[in-house]
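Please study the sequence and the structure shown below. The briefing that follows is arranged by topic.

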Amino acid sequence: MGTKKKKGITMIIPLLAEEGDELKSLADYIVGFDAAIDSDFPFPVQVVVVDQSDDSAANYLDNRLSGTTRVLHYRPTEEERKRGKNGKLNNVVAGLALAKYDRILLVDDHYRVSPETLKELYPYYDKYDGGFQMLPRFDTYPLGVLVDMAGAFVTCLLSGIQFFGHNAFWKNAVDIDTFPKDVLFDDFAIFRHIKRRGRAVGFVRRIALECTQSSDHKFLQQRVRYAYENLFGGWKLQVSLLLCNWMVILPVLQVIQNILAPFQDTITTISKALSPPLVPLSLMTLVCLVLAAPTLVKRKRADVQGDMRGTVTFENKKNKHLVISFEVAGFVLQVILATWFILTPASSLLDQMNEVVPRAVFEILEMIVTHSPIIVITLSLLLGLIGQMVYGRKIVPPYTFIFSPVWLWSLTIATLIAIVLQLRGGVRYGEEKIQRPY
């Protein structure tokens, strides 16, 4: 790995909190953690809390941490606070400048990493010269956490990775001058920054970081942020989102058809008038999808090799336009199919299909249309179960996967909100509104 790395771990905790029970819980944890790291611990540990809280909360925490020996409570300067729109990333940069050790563990303030877990994750720094992600292990499992974890397992299964508010990485794997600042999704931005510098990154399934969830308030806030991330994420996330959207949209369209049944004659007239232009438009969007597919495959190969170029940021403008056409075409195709489905009664649609497709294919389509609610629930449960068995068999209650249909429906609704927020200038994060995802 080149130059010899200094033994030890610096845990950085970016903080923006109000005085209250949650801050007291964090202070109790840090004090207890500091006391548990004795002289016999196998490597040195430093905790850096970079605090942008108001004076009342910051003074409280300063008093609570005054007796610790391995903890640095730091309040960034005005210049450090204004480095970029994302306050957490501003705190990370300030924390890196204060880090004594080369191994960095960046965690949100709801994590409660134990000394034992710190020992377990330490060897993985030697496996990845960039960094790695892990899974969270909550102390309690209210409804919000169950839904969140069920969705995380589905996302991990479909896309291979999920971000949980932490990053383990080498200090020299990041470049402060090009470190992300005006982006919404800090975890992925850091991950991408490290990959773009040619470093190896990974996902460690054997270790789960302890964390707490005091209420469902943050869960509700994060739904739109996660949907925003998925909507403007890499190609795996986009394909997964298309799948999830249609799993939900199909039964919804059936309900809409039933509501519009009394106006069938008018709808049939509209359907006949719109059908001619919808056919060539559908073909055009399919052509765009086919043309863009090779670019997406090449981009995936580049990602594996650590040469990640970004979501749609390519040196080759032709590639950039092809990927944009893929994203736009996929959305347009969904709108076309949804419109067609609403305007054409299910029975009539199946009759039309029966005339142009083989009988076996028609029977499958008929089953999908008529049993779509059951199919949606079954498929989402299956994905949740498999994802839980692969990624979280020992860290969540065994019934967690049951909540995957709830996550699926909430994702689709949050996605619609995310699209509106994108058009209105982005998602508010702290005091700033951020449009660029990463």
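**Salt bridges and overview**

The structure holds eight salt bridges, a salt bridge being a side-chain nitrogen of Lys or Arg within 4 Å of a carboxyl oxygen of Asp or Glu. This is a predicted model, in which local features need pLDDT of at least 70 and side-chain atom pairs count only at pLDDT 80 or more, while totals for chains, interfaces and linings use all residues. Residues are numbered from 1 along each chain as its sequence is written, and side-chain values use heavy atoms, with hydrogens and water left out.

**The chain as a whole**

- The chain contains 15 helices and nine strands; helices (H or I, at least four residues) and strands (E, at least two) are DSSP runs, numbered from the N terminus.
- Of the 438 residues in the chain, 50% are buried. Buried means under 20% relative accessible area, exposed means over 50%, and partly exposed lies in between (1.4 Å probe, protein chains only).
- The accessible surface of the chain is about 21,500 Å², and 60% of this belongs to carbon and sulfur atoms. Accessible areas come from the Shrake-Rupley method with a 1.4 Å probe, and for residues only the protein chains shown count as cover.

**Individual salt bridges**

- R75 and D55 meet through their side chains in a salt bridge (2.8 Å, N to O). R75 lies in the loop between β3 and α3 (78-81) and D55 in helix α2 (residues 55-64), so the pair ties together parts that are 20 residues apart in sequence.
- R75 is partly exposed, with a relative accessible area of 31%.
- A salt bridge also joins the side chains of D186 and K88 (3.1 Å, N to O). This pair links distant parts of the chain, with D186 in helix α7 and K88 in helix α4, 98 residues apart.
- D186 is buried at a relative accessible area of 3%, and K88 counts as buried at 11% relative accessibility.
- The side chains of K88 and D187 meet in a salt bridge as well (3.3 Å, N to O). Salt bridges that share partners join K88, D108, D186 and D187 into one network.

**Helix α7**

- Ten of the eleven residues of helix α7 (residues 186-196) are buried, so this helix is largely enclosed by the rest of the structure.
- Just after α7, G198 takes a positive phi of about 80°.

**The sheet**

- Seven strands form an open sheet with mixed pairing, in the order β3-β2-β1-β4-β6-β5-β7. Two strands pair if DSSP finds at least two bridges between them.
- At the edges stand β3 (71-74) and β7 (201-211), each with a single partner strand, so one side of each is left without a neighbour in the sheet.
- Strand β2 (residues 45-51) pairs with β3 in the parallel sense over four bridges, and V47 stands opposite V71 in β3.

**A nonpolar surface patch**

- L157, L379, L382, L385, I386, M389 and V390 make a nonpolar surface patch of about 510 Å². Patches are made of residues with over 30% relative accessible area and no salt bridge: like charges are joined within 9 Å, and nonpolar side chains (Val, Leu, Ile, Met, Phe, Trp, Tyr) within 5 Å.
- Helix α14 (residues 372-391) supplies the largest share of the patch, six residues.
- L379 has its place in helix α14 and is partly exposed, with a relative accessible area of 31%.
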